[in-house]
Amino acid sequence: MSALAADTFATPADYAAALADFLASDPRAQTYVGYRAPSLEHAAEHLRGFQALIFDEGWSRLGWPESAGGLGGDPRFRAAMFQTLWDLDFQIPEPFTTLEILVPVLLVFAPHLADELLPGLLRGDDTWAQAFSEPDAGSDLASLRTRLEPDGDGFRLYGQKVWSTFGHLSRRSVLLARSGGPGHKGLTMVLVDLDQDGADVRPIRAQDGENHFSEIFLDGAYVPRERVIGELGQGWAVAMYMLQWERGAWGWLQQGRFHKRLEQMLAWAPTDERHSASIGHAYTLAAALRLHTRDTVERLAREESLGPEVSIDKLLLIDAETATWNTVREHLGGRLETDPDFHWLFSEYMFSRAAPIYGGSLEIQRTLVAQRVLGMPRD
Amino acid sequence: MRNDTRTTLDPDMIDMLRSSLRHVLTDESTRPLADRLADLGWKEVVDTDPATALRTLFEIKGDTLSGADALGPSLASKYSELTGASSASVSIGRPGHLTLVDGSGAENEVSVDEATWAALQAHGRWLVACELVGIGRHVIASAVEYTKDRVQYGKPIGVFQALQHRLASAHAMVVGAGHLITEAGLDGDPWTATVAKCMAGQTAEFACTQAQQCYGAIGFTFEHEFPAYLRRTYTLDRMFGDWRTLEHEIGSRLQATRLVPRIGSL
Amino acid sequence: MDLRFPDEAEAWRAEVRSFLAANLPADWRGLGALDRDEAEIFSNAWRRTLAEHRMIGVTWPVEYGGRGLTKLHQVVLAQEFALAGAPIYRIADTTNIKMLGNTLLAWGTEEQKARYMPGIVSGDATWVQGYSEPEAGSDLAGLKLRAERDGDDWVLNGQKIWTSRGMDGTGVFTLARTDPNASKHRGISFILCELPNPGIEVRPIRTLTGDDEFCEVFYTDARVPVANTIGPIDEGWKVANSLLGLERGEEAATNPIFFRAELDRIVQLARDVGRADDPVIRDRLAWCHTKVEIMRILGYRILTQVLRDGRIGPEASISKLYWSEYHQVATELAIDLLGAQAMVREGRKPFKHFRADEPGAANSTNSWIDVLLMNARSGTVYAGTSQVQRNIIAENILDLPKEPRLERP
Ligand SMILES: Cc1cc2nc3c(=O)[nH]c(=O)nc-3n(C[C@H](O)[C@H](O)[C@H](O)COP(=O)(O)OP(=O)(O)OC[C@H]3O[C@@H](n4cnc5c(N)ncnc54)[C@H](O)[C@@H]3O)c2cc1C
Ligand SMILES: Cc1cc2nc3c(=O)[nH]c(=O)nc-3n(C[C@H](O)[C@H](O)[C@H](O)COP(=O)(O)OP(=O)(O)OC[C@H]3O[C@@H](n4cnc5c(N)ncnc54)[C@H](O)[C@@H]3O)c2cc1C
């Protein structure tokens, strides 16, 4: 068990430096450097050990409240951890990406669940998915139809969810369902166990051949009352709160990846002046994303609540993500698509093509920025 | 003003600064800008937080399209800071060469070492980048207002998604460029200044072209304020390297060093 | 699509060539090589020569001054003229010949054709297009210019705007509301107003390049004979639409010729400034080359369609969108090549305000800056904005559902 605490470090930068020392000197950590996942399932299995290691040593507990098993400190510590892991070529265990989106919501709307479940999640003993989208409710999320029906002390779920990232590798899922009438007001957020009879999770193979997401069929899956996140009927507000993490903090995590991949790409291919402009373009956009999302992380650390302007984070993310992977593909020539050693990278590339879709599409973000930030008229 | 969170000036002070600068930059006076700024107590502001002061000055210069000569004197201060030599105005020539202008307007070409020249060029890039960001913000804000008032097909054209999306994309770029100019002012690193200028140039051009499309034919008339912003953008973008050239320069350097600097730390 | 021209077109090509050889000045380098005043003089003289030799409106029937040839012949003519750097007509003829001439032939009565075609062919008349109004741009059918009948006259009241070259017009063809009670697209008539007219005042609007290119036109109790209505009264929307199709369609085949010549100038510019070896510039030039080739093929395709079906489909919107967006990229490249030099204005300003500068134009900053600022940047606005073209492509070619809650013709 570690002796780390938030006040061990004066600044997130000090923390990052200490973490870097640890990762460079700890032989257990060293076995994970430069890991290239042959498949998503392999990564999930393999990186669980790494996740447990940095939890047990305390590193991943900084930036989370002590009440929930963290070691205190604000979210900048988490941001610094991601940065350090990318920079030193550690693959970020996938559960962290879901955690970053889901747990802040629990801290506010269901602290009891955070207290109970965060340690297991952080350590990688437990993994969660997010189940919002449905076959007929994508961008228009508020039209979703999965029903949450009272049953004794708890509830039962009926319906179908889709595109749930890593659903088939997750034990539970945060899920948005309809507990009341139509529209935003009838929605409720819950946490449901997926390893029960009423829940059937089936992986969907994505375009790169990997099982990126799942369908979830719900036929009476049970949800105890204390697994409701927020109040009944408060689901939309909970989902909106989540967006500032899904669109904001996520951008910071991703910019670390983009900078690293650009650096690696330069090492892996010979200089070609014809690519300079597109490399410069991608780098410039990644730098803008980095500075903007740093600002977002700092605002979140100050517990400011972010409004529709988080859509700007997402727009900058889409530009940077698209440009980065365009230039990676160009610079590596055909190797990205054909070299088996690059399968892991190709998989990241393919995932990057979804940037204008996941977490609210490009079109939806632009509309939000136009109407809610710039104040353009609505029809 | 989110970009101003990293400054030692308090928010009220910055608001005041903005409105007085706006005033100074748009008044009809023919007195030199330096004298008009002096009336404001400019020196004190600059001493407190030079990065915010200069950035704000140039942003507002872009926003108001003021023709006041701020660049030459600002480069002169930088030159004096670097070398101790004083002049009223400095302009940057080919590598290694500067033109100094003294109080009487006499010009004198001098050669300087590579480091000094590069530092001045970076400073110039940063200042011009700030002005370009000011332009970008202005043209988007004006176009937004226009699309609220202009009615076609019985509704304000601002309801059309085609126009909303143009201005939203431009706005996101302006926000991104805004962070880069702020950071460049703080870290004083020539690399950041170059990246900021690159982003600012493409952002202002993009913002202008999006705005112009929203205006329709009126955006092509001499009397409308817009075309002057477009022309200024093309001119500024070409100073110290247009954005395409800078993209190339940045990419070329990344390839040469195989290092990818992370601008800004937590 | 067959890219070879039939024999009779090749025979015509030879005829056009010999006409050009016989009539162009020996040292001809293109209109662009002349300054504005010289260009104006040459242009007018050349226009008379063209009319005398029946090189104007060659697709029109012989009795109206044409040669009764096909659109294909028109394209061959345009190709040969472009090769020689010779103007196919005066700038004002875009509206004069392409628009009004063609519309008159399609819709005019015998009296109207007899009265107006000779001036259009000879070039003594210059007709300009007065459609747009301050409140009716993209939504042209929202136009309000009022025409009330008084005996044999229309009495017109209202305002038009953006009338290109209105100051040079000997007449303006306009759209006016003749039945205020009819629905939006009904009750509009297409009316010819000869100028000067005591009730019609034309005032220039300065463009961003400082030229008097377009005008406002004010109608105050302006009297125009009802006999000047082209096509049926109250059916002007239909008449105008048939003409908009021509504006967008026929040039699909001829535009690429001008863009090719312009691209040649840009390549030359790259050489002149010593950047022909720069890989990024070469990439961008290659990109432009590809686009011009695509436009050429697209142009042939549209032309083939016109020859076969006698009309232009919504594909004309693709062509409009394509050239207007291409032209912005190409001219930005030229300005980039000029580099810091682009900040200093020098040389001759372009003679016209649409599309490319004239062949023979020097690679001066004045030429390229004006072409970028005025011609290229406005290309996505005039003759139907890009947004409107995209709507047409989405709805009429891709068969996507109409945009919600928008009334359409
Ligand atoms: C890689 C990936 C991971 C994902 N992970 C999860 C997850 O973990 N959990 C989860 O719940 N969901 C997840 N999703 C689903 C994601 O949230 C949805 O894909 C997204 O909300 C869009 O919905 P849709 O796919 O049904 O597309 P649709 O909503 O059908 O949209 C199709 C197209 O129409 C456009 N469109 C829709 N409405 C408008 C409008 N009003 N104006 C203009 N354009 C419009 C969209 O922009 C898009 O281009 C994931 C998706 C991807 C690609
Ligand atoms: C150089 C030049 C020469 C011209 N010459 C002539 C001439 O000789 N005679 C003449 O009559 N007119 C002329 N015009 C006018 C031209 O036809 C109009 O500019 C054009 O119809 C657009 O109208 P507007 O300028 O009023 O713009 P608006 O219609 O006000 O459009 C403003 C913006 O709103 C967008 N918009 C409008 N409706 C929609 C919609 N439904 N969906 C999405 N976006 C929409 C437009 O695309 C544009 O971006 C000329 C214009 C120019 C620039």
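Ala, Val, Leu, Ile, Met, Phe, Trp, Tyr, Cys and Pro count here as nonpolar, Asp, Glu, Lys and Arg as charged, and the others, Gly among them, as polar. By these classes, the shell around ligand 1 holds nine nonpolar, eight polar and one charged residues. The model is predicted. Ligand 1 is surrounded by residues from chains A and B, so its site is shared between chains, and ligand 2 lies between chains B and C.

**Site of ligand 1**

- There are 18 residues around ligand 1, and those that come nearest are A:Ser139, A:Trp163, A:Thr165, A:Ser361 and A:Glu363.
- In chain A, β1 (128–131), β3 (154–165) and α12 (362–373) each supply at least two residues of the shell around ligand 1.
- The element that gives the most to this shell is β3(A), with three residues.
- A side-chain N or O atom of A:Ser361 is 2.5 Å from an oxygen atom of ligand 1, and a polar backbone atom of A:Phe132 is 2.7 Å from an oxygen atom of ligand 1.
- From chain B, a polar side-chain atom of B:Gln161 lies 3.0 Å from a nitrogen atom of the ligand.
- Ligand 1 exposes 970 Å² when taken alone, and the protein buries 67% of that.

**Site of ligand 2**

- Around ligand 2 there are 29 residues, of which B:Arg150, B:Gln213, C:Ser138, C:Thr385 and C:Gln387 come nearest.
- The shell around ligand 2 divides into 14 nonpolar, 14 polar and one charged residues.
- An oxygen atom of ligand 2 has a backbone N or O atom of B:Gln213 at 2.5 Å, while a polar backbone atom of C:Tyr131 is 2.9 Å from an oxygen atom of the ligand.
- A polar backbone atom of C:Trp162 is 3.1 Å from a nitrogen atom of ligand 2.
- Taken alone, ligand 2 exposes 970 Å², and the protein buries 95% of that.
- Two or more residues of the shell around ligand 2 come from each of α8 (190–215) of chain B and β1 (127–130), β3 (153–164), α10 (365–378) and α11 of chain C.
- With three residues, β3(C) gives the most to this shell.

**Surface patch on chain C**

- C:Ile397, C:Leu398 and C:Leu400 make a nonpolar surface patch of about 260 Å².
- C:Ile397 belongs to helix α11 (residues 386–397) of chain C.
- With a relative accessible area of 31%, C:Ile397 is partly exposed.

Definitions and conventions: Residues numbered from 1 in each chain as written. Chains lettered and ligands numbered in written order. Predicted model: local features only at pLDDT ≥ 70, side-chain atom pairs only at ≥ 80, totals over all residues. Heavy atoms only, no water. Patch = residues over 30% accessible without salt bridge, like charges linked within 9 Å, V, L, I, M, F, W, Y side chains within 5 Å. Areas by Shrake-Rupley, 256 points an atom, 1.4 Å probe, with all protein chains shown as cover. Salt bridge = Lys/Arg side-chain N within 4 Å of Asp/Glu carboxyl O. Helix = DSSP H or I, 4+ residues; strand = E, 2+ residues; numbered from the N terminus. Buried < 20%, exposed > 50% of the residue type's maximum accessible area, 1.4 Å probe, protein only. Near = heavy atom within 4 Å. Polar contact = N/O pair within 3.5 Å; in protein donor to acceptor, adjacent residues only side chain to side chain.
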